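Below is a short report on one protein model. It covers domains, confidence, annotated sites, the ligand shell and backbone geometry.

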Amino acid sequence: MTTNFDALATRILEGGAATEADALAVLRAPDHELMFLVAAAGRLRREHFGNTVKVNYLVNLKSGLCPENCNYCSQAMGSEAPILKYSYLSKDETLKQAGAGLRGGATRVCMVSSGRGPSDRDIDKVVEMTEALKDEYDGVEVCACLGLLKDGQAERLKSAGVDAYNHNINTAESHHDNIVQTHTYADRVDTIGKAKSAGLSPCSGLIAGLGETDEQLVEALFALKALDTDSIPVNFLMPFDGTPYQNTWELSPTRCVKILTMARFVCPDKEIRIAGGREMHLRTLQATALHVANSIFLGDYLTSEGQDALADLHMLRDNGFSILGLDDAGFAELIATHEANAATVHRAHATTPCGSSAGTGCGDGCGGCSVAQAPAPSSAEDNKPVIRARGAGTEVAANA
Ligand code: SF4
């Protein structure tokens with residue numbers, strides 16, 4: 001079995017392709033073979049991406065208040081998760097939030113809005129935000145994620161300088177209607193097609209842990225391969241209290257690594273991004289997973305908090321990765337700046353605790369508070385999503 005995965009990598013490097021049977025074998029490999037799997041898939045990762053990690057930063061432009069019923073989503077109609085709720089951020093607030101992520105090492109800003117899809121006025125706002133971002137930050141990549149697109153909207157985004165459009169298929173077509181009923185799988189594929197036709201780089205991925213079978217995970221990955229999306233965010237279900245998936249824990253750290261490994265074998269030259277749920281599901285295997293995947297989100301997610309941005313940067317440095325777009329000196333300077341800021345904020349909080357993020361440490365992402373206050377999760381209860389209470393839509397500094 002060990003030799004077979006290495007042989008599979010060799011076959012792919014020589015121009016072959018993984019089959020559905022190969023993908024299933026990866027998902028079902030025994031845990032004791034995990035490092036052989038990672039080593040084999042890591043050959044593909046290094047061939048296409050070296051040891052670079054692409055760092056992305058999420059800005060939630062509009063949070064909650066969604067009329068759709070995606071069962072996994074804390075922003076959905078009927079969700080009772082106590083998330084932040086707000087309508088569109090102003091252009092200035094968007095620039096401020098995006099700037100925090102870019103100064104934190106991100107090269108791509110992902111502007112996300114809840115809702116079925118944007119109105120033409122929403123597109124006006126995103127056009128204005130994109131133009132301002134491109135003016136202010138040289139070389140920034142902008143990805144928009146605004147829901148289902150109507151004719152002409154993708155072209156307007158492209159003209160404004162938007163680089164990519166995200167719309168996840170989320171799961172296999174054969175499982176789609178079990179997780180959402182207010183739109184169809186075909187609706188989702190249609191929007192990805194509209195983005196591609198307009199010249200936007202298509203970004204589409206999935207959420208694992210929604211009750212899908214192994215075969216359905218394979219089905220979803222091969223659908224993404226057929227769609228030829230440039231980047232593939234792999235989310236691991238964050239089971240928010242107050243949603244239908246509350247207390248649903250189907251994933252283990254090794255399972256998550258195998259899912260990412262399968263994605264690498266099936267789509268060897270695509271950006272495989274470890275997305276939502278990274279910390280709670282991969283836990284101590286986050287860095288191991290980056291030997292297969294090549295992209296992450298820095299800091300927080302749309303409605304929940306990620307680990308401190310400084311911890312993300314330390315993880316990358318300690319494991320020998322570099323940040324795409326930064327040379328070694330730039331990376332070292334970035335970490336030094338974050339460490340100095342964290343020390344300053346933490347010293348201040350030693351006398352006046354920020355208290356902005358109860359139970360997970362400092363809402364300013366100072367690092368020190370988190371180390372002091374956030375124990376390693378020992379049960380599912382400890383591991384639950386922590387509702388975001390900083391960054392966009394709050395007065396508290398972003399975690400970036
Ligand atoms: S995933 Fe998007 S469309 Fe679905 S409920 Fe959440 S915000 Fe709405």
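## Domains

The protein is divided into domain 1 (2-46) and domain 2 (49-329), with bounds taken from an automatic or database domain assignment. Taken over C-alpha atoms, the centres of domain 1 and domain 2 are separated by 25 Å. In the contact between them, 20 residues of domain 1 meet 22 residues of domain 2; two residues are in contact if their C-beta atoms, placed from the backbone, lie within 7 Å.

On the side of domain 1 that touches domain 2, α1 (2-13), α2 (20-27) and α3 (34-49) each supply at least two residues. The largest share, 8 residues, comes from α3. By class, this side of domain 1 has 13 nonpolar, 1 polar and 6 charged residues. Ala, Val, Leu, Ile, Met, Phe, Trp, Tyr, Cys and Pro count as nonpolar, Asp, Glu, Lys and Arg as charged, and the others, Gly among them, as polar. Helices (H or I, at least four residues) and strands (E, at least two) are DSSP runs, numbered from the N terminus.

## Model and confidence

This is a predicted model, in which local features need pLDDT of at least 70 and side-chain atom pairs count only at pLDDT 80 or more, while totals for chains, interfaces and linings use all residues. Residues are numbered from 1 along each chain as its sequence is written.

The mean pLDDT of the protein (the predictor's confidence in each residue, from 0 to 100) is 92, and 90% of its residues reach 70 or more. Over residues 354-375 the pLDDT is below 50, although this stretch has 52 contacts in the model beyond near neighbours in sequence. Where pLDDT is low, the predicted coordinates should not be read in detail.

The UniProt annotation "binding site", from an unreviewed entry, covers Cys 110, Cys 143, Cys 203 and Arg 273. These residues are spread over 164 residues of sequence but cluster in space, the largest C-alpha distance being 13.9 Å. UniProt positions are given in the numbering used here, feature names are shortened, and annotations may be inferred rather than shown by experiment.

Cys 143 lies in strand β3 (residues 141-145), and Cys 203 in strand β5 (residues 201-203). Cys 143 counts as buried because it has 21 C-beta neighbours inside 10 Å; Cys 203 is buried too, with 27 other C-beta atoms within 10 Å. The cut-offs are 20 or more other C-beta atoms within 10 Å for buried, 12 or fewer for exposed, and partly exposed in between, with C-beta atoms placed from the backbone. Leaving aside neighbours within four places in sequence, the contacts of Cys 143 include Arg 108, Cys 110 and Cys 203. With the same exclusion, Cys 203 is in contact with residues including Cys 143, Ala 164, Tyr 165 and Ser 231. The C-alpha atoms of Cys 143 and Val 112, 31 residues apart along the chain, are separated by 8.4 Å.

Arg 273 is placed in strand β8 (residues 271-274). Arg 273 counts as buried because 26 C-beta neighbours lie inside 10 Å. Beyond four places in sequence, its contacts include Asn 56, Ser 231, Pro 233 and Ser 295.

Which residues surround the ligand? They are Cys 66, Glu 68, Cys 70, Cys 73, Gln 75, Ala 76, Ser 114, Arg 116 and Gly 147, where near means a C-beta atom, placed from the backbone, within 6 Å. By class, this shell has 4 nonpolar, 3 polar and 2 charged residues.

For "binding site", again from an unreviewed entry, UniProt lists Cys 66, Cys 70 and Cys 73. Cys 70 lies in the loop between β1 (52-62) and α4 (91-103), and Cys 73 is also found in the loop between β1 and α4. Cys 70 is buried, with 21 C-beta neighbours inside 10 Å, and Cys 73 is buried with 27 other C-beta atoms within 10 Å. Not counting residues up to four places away in sequence, Cys 70 touches Ala 76, Ile 179 and Val 180.

Asn 170 is not a glycine but has a positive phi of about 75°. Asn 170 lies in the loop between β4 (164-166) and α7 (173-179) and counts as buried, with 23 C-beta neighbours inside 10 Å.

Arg 283, also a residue other than glycine, has a positive phi near 50°. Arg 283 is found in the loop between α11 (278-282) and α12 (286-289). Arg 283 counts as partly exposed because it has 14 C-beta neighbours inside 10 Å.
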